[in-house]
Structures are given as structure tokens and as C-alpha cells.
Amino acid sequence: DVCSSDLVLGVFGFVGEQIKCQIAKEVKEAKVFAIIADETQDIAKHEQVTIVLRYVNEKLEVHESFVGFYRVKRTDGKTLANELKNVLISMDLNIKNLRAQCYDGASNMRGPYKGVAAIIMQEALMAMYIHCNAHILNLCIVSCCTRVFSIRNTFFVLQSLYNFIEKSTKRHAIFENIHQTHPT
């Protein structure tokens, strides 16, 4: 039923907005904050940016609050920087209170002239760029795994097995049935 699905979406939208308002309130109380963002494609191949705000409360507890997924038409620095600024504006957060920006090392994010970090720093001079440690760790693990013969071969076998199962709806159904009947 279209009406009930609209109602459900409306309720989720309302709840999501209330959560964002609470996050904005907490960030304002903290006075300064950091932004963490990463771009990716969703399952429908639409470009999107994920935004997280990081701040510290009065008890010096660190909070990382997921703000949302935002669809973007392009992933160039200007488009992404504008999206980040629009999200901050929509949450009534002052970009001048931004103290750190954390992104991956892609040129569209960290580029010294047209990257998101450089564009944001034009308005928020104290918003230092920090390369995301999770991305650094991922790069290190991938590099190590490709150099160790047994690990590289294990991942090759796992990827081949995954492809074998997922390329056939019949094989996928068989493995799904096995998983449902023997969940361990």
C-alpha cells in the first residue's frame, strides 16, 4: 500500500530529523567539532557521501555521530565540499567551529587546491586535514597481504569461491538454505 509506505517513510524521516537535531544540540554544546566523510557508491551505483561528526562533551567523552548518507551528482572536491557545508548549515552548525576534517587520501579530498580539505579551509582556517587512520590501516593490510604468498592465495581462493556462489542464483539459493538450516 502506497499510503502506508509513505507513512513509514514519513515516520522514519521525522525520527531521523529528531536525531540530527539532538546531534546538532550536542555539537553546539561542545562548541568545536570535527567532520569525517567518505564517498562511495550505493548498491544502485549512485554516488554518495557519508558524514560523521566528532565532538567531545563536558565529561570529555568523545562522540562520533553518524549524520547521514547524502547523494551527490559528482565526487569532485567542490561538489563534496558544498555538500558538507550544506549539511552543516542544515544543522545550524557554524563552519568556523570546525577544527578537523578527516578524509581518505584521494586527491578530490585532500588536494591542495581543489580538494575538499582546501576548499573547507578557505572558510574554516582552523579545520586541519587529517588522513583517515582506517584508510591508512586498510592500505597497509592490503599491501602486506599481497606480499605474503599464503595469505594472497587464501584471499584468491575465497574470492573465487564467492564468485562461484554468487554468479548462480541456484548455487546462491543452496548456500542460503544451508546457512538458514545450520546457522553456526
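Me: Why does E123 count as partly exposed?
Reply: Because its relative accessibility is 34%, and "partly exposed" sits between buried (under 20% relative accessible area) and exposed (over 50%), using a 1.4 Å probe and protein chains only. Keep in mind that this is a predicted model, where local features need pLDDT of at least 70, side-chain atom pairs count only at pLDDT 80 or more, and totals for chains, interfaces and linings use all residues. Residues are numbered from 1 along each chain as its sequence is written, and side-chain values use heavy atoms, leaving out hydrogens and water.

Me: Ok, which residue does E123 form a salt bridge with?
Reply: K85, with the closest N and O atoms 2.7 Å apart. The two are 38 residues apart and link distant parts of the chain: E123 is in the loop between α4 (116–121) and β5 (128–131), and K85 is in helix α2 (residues 77–90). A salt bridge here is a side-chain nitrogen of Lys or Arg within 4 Å of a carboxyl oxygen of Asp or Glu. Helices (H or I, at least four residues) and strands (E, at least two) are DSSP runs, numbered from the N terminus.

Me: And K85, buried or exposed?
Reply: Buried, at 15% relative accessible area.

Me: How many salt bridges are there in the whole structure?
Reply: A search finds 6. Among them is E29 with K25, at 3.5 Å between the closest N and O atoms. Both lie in helix α1 (residues 2–30), 4 residues apart, about one turn of the helix.

Me: New topic: where does I151 lie?
Reply: In helix α6 (residues 149–166). I151 is partly exposed, at 32% relative accessibility.
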